[in-house]
Amino acid sequence: MKYQILGETLPVVICELEPEEQMITEAGAMSWMSPNMQMETTTNGGIGKAIGRAFTGEKMFQNIYTARGGPGMIAYASSVPGSIRAFEISPGREMIFQKGAFLAGARDVTLEVHFRKKLGAGLFGGEGFLMQRISGNGVVFAEFDGHVVEYELRPGESIILDTGHLAAMSATCSIDIQSVAGAKNKFFGGEGFFNTVVTGPGHVWLQTMPISNLAGAVRQFIPTS
């Protein structure tokens with residue numbers, strides 16, 4: 001598969017497939033394609049896995065696109081202002097995404113629910129108990145909110161994040177929550193009661209404008225009557 005990501009604030013990824021090559025996408029993700037791309041809607045693993053994907057912010061059904069009778073082209077556009085990133089997935093190079101980040105991927109890529117191991121991280125970490133775990137083989141595309149900033153964490157090295165800014169991390173990273181110190185800071189600091197802590201080893205991708213923050217910024221300008 002060849003691909004190119006175009007655009008900045010509202011990007012699109014355009015994929016060129018070899019004959020009979022396949023891609024798997026969230027239902028409704030396709031933006032445009034060549035006439036020879038054949039679509040098949042599937043639960044991709046049964047109803048149990050479909051329900052699990054629903055909990056991670058994806059739709060229960062996925063679409064498999066196949067280039068029939070020759071090379072094919074298919075494009076997937078971002079659903080919100082932000083960024084599209086490509087990741088090479090292989091055994092030992094699994095990824096953890098925020099809920100709803102999966103856009104499309106090679107046929108041999110698998111999306112599963114990822115449970116946060118620690119209760120506190122699930123309750124107060126800003127993304128809930130469930131995230132997306134991406135495994136298998138091949139390239140996968142994810143959409144993030146706003147621009148993306150990356151950090152490489154050494155073993156035991158941590159970074160503290162405000163709620164919702166974690167877009168993705170290597171599966172080797174761990175995640176927990178940390179209470180904001182001081183009652184005055186908690187109630188009047190504007191940062192909430194808890195921050196998210198990601199610890200290496202591994203790579204983290206941070207997003208500058210979580211969709212929840214964007215919604216909050218716009219909400220104050222919407223008339224209530």
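The model you see is predicted, so local features need pLDDT of at least 70 and side-chain atom pairs count only at pLDDT 80 or more, while totals for chains, interfaces and linings use all residues. Residues are numbered from 1 along each chain as its sequence is written, and side-chain values use heavy atoms, with hydrogens and water left out.

Strands (E, at least two residues) are DSSP runs numbered from the N terminus, and two of them pair if DSSP finds at least two bridges between them. With that in hand, return to our opening pair: strand 17 and strand 18 (residues 194-199) run antiparallel and are joined by 6 bridges. They belong to an open sheet of 3 strands, ordered 15-18-17, with antiparallel pairing. Strand 15 (158-161) and strand 17 (174-179) are the edge strands, each pairing on one side only. On average, neighbouring strands of this sheet are turned by 30° against each other, direction ignored; the axes behind such angles are lines fitted to C-alpha atoms, and angles run from 0 to 180 degrees between N-to-C directions.

Now look at serine 158, which lies in strand 15. Leaving aside residues up to four places away in sequence, serine 158 touches Leu153, Val197, Val198 and Thr199, where contact means heavy atoms within 4.5 Å. The side chains of serine 158 and threonine 199 are joined by a polar contact of 2.7 Å. Such a contact is a pair of N or O atoms within 3.5 Å; within protein, one must be able to donate a hydrogen and the other to accept it, and residues adjacent in sequence count only if both atoms are side-chain atoms. Cysteine 173 is 15 residues from serine 158 along the chain, and their C-alpha atoms are 9.4 Å apart.

Next comes an open sheet of 4 strands in the order 1-2-7-4, with antiparallel pairing. Strand 1 (2-6) and strand 4 (30-33) each have a single partner strand, so one side of each is left without a neighbour in the sheet. Here neighbouring strands are turned by 20° against each other on average, direction ignored.

Walk across this sheet from strand 1. Strand 1 and strand 2 pair over 5 bridges, and lysine 2 stands opposite glutamate 16 in strand 2. These two strands form a hairpin with 5 residues between them, and glycine 7 in the turn has a positive phi of about 90°. Strand 2 (residues 12-17) is largely enclosed by the rest of the structure, because 5 of its 6 residues are buried. Strand 2 also pairs with strand 7, over 6 antiparallel bridges. Alanine 75 in strand 7 is the bridge partner of isoleucine 14, and alanine 75 is also the bridge partner of tryptophan 32. Strand 4 and strand 7 (residues 72-77) pair in the antiparallel sense over 3 bridges.

Our last stop is aspartate 145, in strand 13 (residues 138-145). Among the residues that aspartate 145 touches, not counting those up to four places away in sequence, are Val80, Gln98, Thr208 and Ile211.

Technical notes: Buried < 20%, exposed > 50% of the residue type's maximum accessible area, 1.4 Å probe, protein only.
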